[in-house]
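Subject: Structure handover, with notes on pockets, cavities, salt bridges and a surface patch

Hello,

Here is the structure for your files. My notes come after it.

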Amino acid sequence: MKSILNFVEKIKPTFSKGGKLSFLHSTFDAFETFLFVPNTVTKSGSHIRDCVDLKRVMTIVIIALMPALAFGIWNVGEQHSIAFGLDMTFIEKVWFGFLKVLPLIIVSYVVGLGIEFISAQLRGHEVNEGYLVSGMLIPMIMPVDVPLWILALAVAFAVIIGKEVFGGTGMNIWNPALIARAFVFFAYPSQISGDTIWVEGLNAAKANAMQVVDGFSGATPLGQAANGIVDFTTTTGEPLSLMQAFIGTMPGSVGETSTIAILIGAVILIWTGVASWKIMVSCVAGALGVGFLINGFAEAGTFAAVPAYWHLVLGGFAFGAVFMATDPVTSAQTEKGKWIYGFLVGALAVIIRLFNPGYPEGMMLAILLMNTFAPLIDYYVVEGNIKKRIKRSVTK
């Protein structure tokens, strides 16, 4: 690493102000800060002293995503093996999943970072590290069979319309990763709904009239519920248990199926102080509260009658509650506001799932909607505190 550092220091004047390639300073600075910690120090008195910067925060989030990503890679191979009746070993499943998920990650980063670099160059700003997380989140909330060109369009839309037009990292009002998913959902609904896109190769198999294993179902549990099937089944047609759903051995987006892997990431985020546990807990409380309330009035045999706790392990609820709703840029900032914001996200997710079967994955719409209202929640929380202080001072 020392030789690399020496090389970087040697060519640095070329990209600095007055150098031959000074117009590429933003690009050079991005690579330099990605490889090494900046060597700048405070020259005068400072009132904030903290070793945590944006790059370190983004790195922690990436680490927290790894358990869900690793499980998702294996599950891609597992579902493919079941669908075609293949006797694949653990290593073969992992390798198969890796080869299918890697192109999604590459396209996400190449397109997203390419736009980020171009935008920074045009503005003369530094390249922020915010997309390091978004670039990993987007492939993890997509079906493994999504065409790469559609993924590229979704990434471009999310970065340009959902982020750069607002000023870049820290200025966006909606979560960029969810904007990408929403783009695919509304522009290419057949690529993110149905029962043929969650298992790699199933689309091609049906197009070629190939035979898959008898009794195989490629639909996710939420997809089954949208079709009026509330007795959820596994990929082999057997009843799906709550433990199987918790572990995540079922069709779904790459990183969203395993609740236990997502919880490992949640522990990392909470322990490091990167994400708000209040939003996570209130999100679960909102889902359970509304879910059990609806259970009390639901007819037997309907999705509304399914125990509320099932919602926590189905679809992208757990992933959204841990990694999406807690986004510090688009979520509520006040402490009381976090409780309100999280509760409404969980409650709306269940309401959308139960009363609008056209959008079985209610978590995406719930978070985007509450992203919109998060500033309003914070505004009224702050105004309420101001009124309390004024009333207290007048009383005294």
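Predicted model: local features only at pLDDT ≥ 70, side-chain atom pairs only at ≥ 80, totals over all residues.

Residues are numbered from 1 along each chain as its sequence is written, and side-chain values use heavy atoms, with hydrogens and water left out.

Pocket and cavities

The search ran on a 1 Å grid over the protein atoms alone: a cavity is a set of points where a 1.4 Å probe fits but cannot get out, a pocket is an open set with protein on both sides within 12 Å along at least five of seven lines, and lining residues have an atom within 4 Å of a point. Grid points are joined across faces, edges and corners, and a volume is the space filled by probe spheres set on the points.

The largest pocket holds about 470 Å³ of space. It has 28 lining residues, and Met58, Val61, Val133, Asp327 and Pro328 are the closest to its centre. Helix α3 (54-83) gives the most to this lining, six residues, while α5 (131-140) and α13 (317-324) each supply at least two. By class the lining has 16 nonpolar, nine polar and three charged residues (Ala, Val, Leu, Ile, Met, Phe, Trp, Tyr, Cys and Pro count as nonpolar, Asp, Glu, Lys and Arg as charged, and the others, Gly among them, as polar).

There are two cavities of 30 Å³ or more. The largest cavity has a volume of about 70 Å³, and its lining includes Arg181, Glu256, Phe319, Glu361 and Met364. At least two lining residues come from each of α7 (176-187), α13 and α15 (362-395). Seven of the lining residues are nonpolar, two polar and three charged. The second largest cavity, at about 50 Å³, has Asn75, Gln79, Trp198 and Ser253 among its lining residues. That lining has five nonpolar, five polar and no charged residues.

Salt bridges

With a salt bridge taken as a side-chain nitrogen of Lys or Arg within 4 Å of a carboxyl oxygen of Asp or Glu, the count is six. Arg181 pairs with Glu256, with the closest N and O atoms 3.7 Å apart. Arg181 is in helix α7 and Glu256 in the loop between α10 (242-247) and α11, 75 residues apart. Both Arg181 and Glu256 are buried (under 20% relative accessible area; exposed is over 50%, and partly exposed in between, with a 1.4 Å probe and protein chains only).

Glu361 bridges to Arg353 at 3.3 Å between the closest N and O atoms. Glu361 counts as buried because its relative accessibility is 12%, and Arg353 because its value is 3%.

Glu335 in α14 and Lys278 in α12 are 57 residues apart, and their side chains meet at 2.5 Å, N to O. Glu335 is partly exposed at 41%, whereas Lys278 is buried at 18%. Lys278, Glu335 and Lys338 are linked in a network of salt bridges.

Surface patch

Ile270, Trp277, Val281, Trp339, Ile340, Phe343 and Leu344 make a nonpolar surface patch of about 590 Å². Patch residues have over 30% relative accessible area and no salt bridge; like charges are joined within 9 Å, and nonpolar side chains (Val, Leu, Ile, Met, Phe, Trp, Tyr) within 5 Å. Areas come from the Shrake-Rupley method with a 1.4 Å probe, and for residues only the protein chains shown count as cover. Helices α12 (277-295) and α14 (335-355) give two or more residues each, with α14 giving the most, four. Ile270 sits in helix α11 (residues 259-271) and is partly exposed, at 37%. Helices (H or I, at least four residues) and strands (E, at least two) are DSSP runs, numbered from the N terminus.

Regards
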